[in-house]
Amino acid sequence: MSLKTKIYDIQLTNCLYNASGVYCREKEELDKLLNSKSGALITKSCTLNSRKGNPEPRYYCDNFGTINSMGLPNNSVKFYTDWIKENMLKPTFLSITELNFENFCKITQYISDMEHIKLPEFNLSCPNIIGKPQIGYDFEKMEEYLRKITEIYNKPFGVKLPPYFDPVHFQQVSDILNNYNKLKYITAINSIGNGLIIDIEKETTCIHPKNGMGGIGGKYILPTALSNVNNFYRLLPNKDIIGCGGIYTGGDIFAHILAGASAVQIGSCLYEEGIDCFNRLSNELLELMKNKGYNNISEFKGQLKTSSPTINR
Ligand code: DHB
């Protein structure tokens, strides 16, 4: 039995890895991910220059998941691309973003000739920058960014998308993405942006930035993530879907793959449980596959069936 998979032309020995932003900002964390059971790793979304991010408290966890407004704290694109160059032991994806179009062009240019950077994940969905809307919710802007990426980068790449909630939007986004042949995968979903978790005892927000509003992750978002994975699996037949959102068990991973995910990323669960979650989750998925008689994830990927209608007599 195996959990191996492929993202475009990159082979992974295990279909699980971290979600960008979690356990991947500092060298020590990246080093530990490299030696963990994860099949790949992805860096914290980075910018041209390092950033300290938003004031704390900026992360909070309750029984159903997490809220964060980190504000892109990162060590700069140079730090992460240097680390990748020195640590080529398992597939490593660079996540990049920027706060405006001009800098986005510059950072894309910066990585464009790097042979050690494969299938970078362009993040079009950071919800936590004050005064900056998410690119993925402005379809014209998204096209402009994609056009620029293909113009400057000219190699296969992926994008991280925000969650969508309406069939019309799934169709509109897919119509745009399908025009870009170099776009080989999408990661769905980023956190549900600008949620609010309230501490009723203290009568305060749980985090400080943006009046307490932040990206929601964890159990809160599994159904939204599964819907995005399955809608895009149907609408983007020539691209891989990386599932992200709400995974805490082998069953959650199975659901993502059944909905169409080629691989899955672990965010809130990794943040709370730590690096050993890759062991536990791999074992749980393998156990479930054994019970169901599957040897390989390709045997059930995208095989979700719609429940039969009940006949009213
Ligand atoms: C941050 C949060 C995100 O959801 C993201 O995609 C990028 C950055 C952050 O707040 O650091």
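**Helix packing and the ligand site**

Trainee: Which hand is the crossing where helix 1 passes helix 2?

Mentor: Helix 1 passes helix 2 in a right-handed crossing (the near helix is turned clockwise from the far one by less than a right angle; helices are DSSP runs of H or I, at least four residues, numbered from the N terminus). This is a predicted model, where local features need pLDDT of at least 70 and side-chain atom pairs pLDDT 80 or more, while totals for chains, interfaces and linings use all residues. Residues are numbered from 1 along each chain as its sequence is written, and side-chain values use heavy atoms, without hydrogens and water.

Trainee: At what angle do helix 1 and helix 2 pack?

Mentor: About 30°, with the axes of helix 1 (residues 27-34) and helix 2 (residues 77-86) 12 Å apart (axes are fitted to C-alpha atoms over the stretch in contact, and angles between N-to-C directions run from 0 to 180 degrees). That makes helix 1 roughly parallel to helix 2 (under 35 degrees).

Trainee: Which residues meet there?

Mentor: K27, L30, D31 and L34 from helix 1 meet F79, Y80 and W83 from helix 2 (heavy atoms within 4.5 Å).

Trainee: How far is the side chain of K44 from a ligand oxygen?

Mentor: An N or O atom in the K44 side chain is 2.8 Å from a ligand oxygen. The side chain of N128 also has an N or O atom 2.8 Å from an oxygen of the ligand.

Trainee: And what about the backbone of G71?

Mentor: A backbone N or O atom of G71 lies 2.7 Å from a ligand oxygen.

Notes: Polar contact = N/O pair within 3.5 Å; in protein donor to acceptor, adjacent residues only side chain to side chain. Helix = DSSP H or I, 4+ residues; strand = E, 2+ residues; numbered from the N terminus. Parallel < 35°, antiparallel > 145°, perpendicular 65-115°, else oblique.
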